[in-house]
Amino acid sequence: MDVDRRAAALLLVGLTSCSMAPAYQPPATTVPKNFKEVEGWTAATPMDQASRGKWWEAFGDPVLNDLEARAEQASPTLAAALARYDKARAAARVETADLFPQVSVGGDASRQRLSGNRLGGNGIGPTYNDFSVGATLDYELDLWGRIRNSVKAARADAHASETDLASARLSLQAAVADAYARLRGLDAEAELLRQTVEAFGKAYQLTTTRHDGGIASGIDVNRAKTVLDNARAQISAVANERAATEHEIAALVGAVASDFSVPARVQPLLAPELTAGAPSELLQRRPDIAAAERRMFAANARIGVAKAAFFPTLTLGLSGGYQTTHGDLFSKPSSFWGLGPALAVLSLLDGGRRKAEVKMSRAEYEELSAGYRETVLDAFRQVEDAIAANRHLADQAVSQRGAATAAGRTSELALTRYRDGASDYLEVVTAQTDALDAQRALLAVETQRMRASVALVKALGGPA
């Protein structure tokens, strides 16, 4: 008899350890040993939970540091991502609760009168009180892994939501840094235009004086007036763009645009140096890759949930308590208990619903699997783009700086020649316009370098 009981127990344990979910294996992706654009950077194992630190401090700007701190505290985007994470964790706890017996307690008090004409009543209609208090326990045996796979899926979804939060935080940080880089680039451009307007104004006064003296023509005056007013118009255009960028930063840090401002400041637009030999783990620290993999795992577990519906569910019940028709409720004779029911349910005809649900779950897995591969490929593309941009923009900045210096010297020489009567004002206008364009192009390249540094940090999932 003991042998039979042990065999039955082992059988029960074996049944409760079954799972209908397919063996999980993330899809293979082609991973190069090195990045194409920079030698020495290789892909490695996931590090999506590694600390990314305050990477923006590499720019050495206290205003940017303050903006990043404000965004962390007050951004509605980050608050929404945190709320979604909390919701996913709560959903996982809801699914986990099904792993344990469900216990409930209750009580009942009633006064009843039975009909005297009932069967066996003999014309007597008794009146009595009925009191009861007790508890019930229900437990579903997870024979086919339906509950366990539901829990696995919910926990994987919660983990995916956690990495979504990390991704939202990194994206927010990058957005603030990118907008701030553009803002400082516009400040530098506005200062350049103010200096240019001042220089063009002096040149305009010179041509006006020469015109009044009969030395310069009206054409020269109009040319000087044209470049001066063009420069003034560009100041207004830059001011408009700066205002929009400042409002963008306000929204990112959770501030009302009407009450928010960043004082204008001209400073060197220096991109932080990123070591070409950075650790290979940087790429795999991307939280979006981790989120895509966890959602794929959850979809795989849900295949098991759908397949388990083809097998019967078995629920055990247990109840006990006290019941009496008089006041002595908790005496020993008033106790009762019941073992059961042991309820088994199996759906036989469902019009193909369960088969369709299995197909749906498999299709969802295939979709998420393809999405995972796409996320990995896109991550490599973004990293290669960012590395290439940083490298090529550095070379472009060197050449553009040389062009701006040469154009500035040409403008000075052209104005000197004009004063000496060796050339007309068309030469001056051409040289001044070229110098302004070259200097603005240099500022644009330097701003792009700052933005490319931010993009690289985001593409790599954070700094080393």
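Q: What should I know before I start?

A: This is a predicted model, where local features need pLDDT of at least 70, side-chain atom pairs count only at pLDDT 80 or more, and totals for chains, interfaces and linings use all residues. Residues are numbered from 1 along each chain as its sequence is written, and side-chain values use heavy atoms, with hydrogens and water left out.

Q: How much space lies in the largest pocket?

A: A pocket is an open set of points on a 1 Å grid over the protein atoms alone, where a 1.4 Å probe fits, with protein on both sides within 12 Å along at least five of seven lines; lining residues have an atom within 4 Å of a point. Here the largest pocket holds about 420 Å³, the volume being the space filled by probe spheres set on the points, which are joined across faces, edges and corners. Its lining has 18 residues, and Ala-199, Phe-200, Ser-411, Glu-412 and Gln-432 lie nearest the centre.

Q: Which helix gives the most to that lining?

A: Helices are DSSP runs (H or I, at least four residues), numbered from the N terminus. Helix 4 (146–212), helix 7 (353–419) and helix 8 (425–459) each supply at least two lining residues, and helix 4 gives the most, with eight.

Q: How do I read a nonpolar core?

A: In soluble globular proteins, nonpolar side chains tend to be buried together. A core is a set of buried Ala, Val, Leu, Ile, Met, Phe, Trp, Tyr and Cys residues joined through side-chain atoms within 4.5 Å; buried means under 20% relative accessible area, exposed over 50%, and partly exposed in between (1.4 Å probe, protein chains only). The largest core here has 38 residues, and those touching the most other members are Trp-55, Leu-64, Leu-67, Val-176, Ile-249 and Phe-260. Helix 4 gives the most to this core, with 16 residues. Another core lies apart from it, with 15 residues, including Leu-228 and Ala-431.

Q: Is Thr-163 buried or exposed?

A: Thr-163, in helix 4, is buried, because its relative accessible area is 1%. Its side chain reaches the backbone nitrogen of Ala-291 at 3.4 Å. For a polar contact, look for a pair of N or O atoms within 3.5 Å; within protein, one must be able to donate a hydrogen and the other to accept it, and residues adjacent in sequence count only if both atoms are side-chain atoms.

Q: With which side chain does the side chain of Arg-148 make a polar contact?

A: Arg-148, also in helix 4, pairs with the side chain of Asp-142 at 2.9 Å. Arg-148 counts as partly exposed, at 25% relative accessibility.
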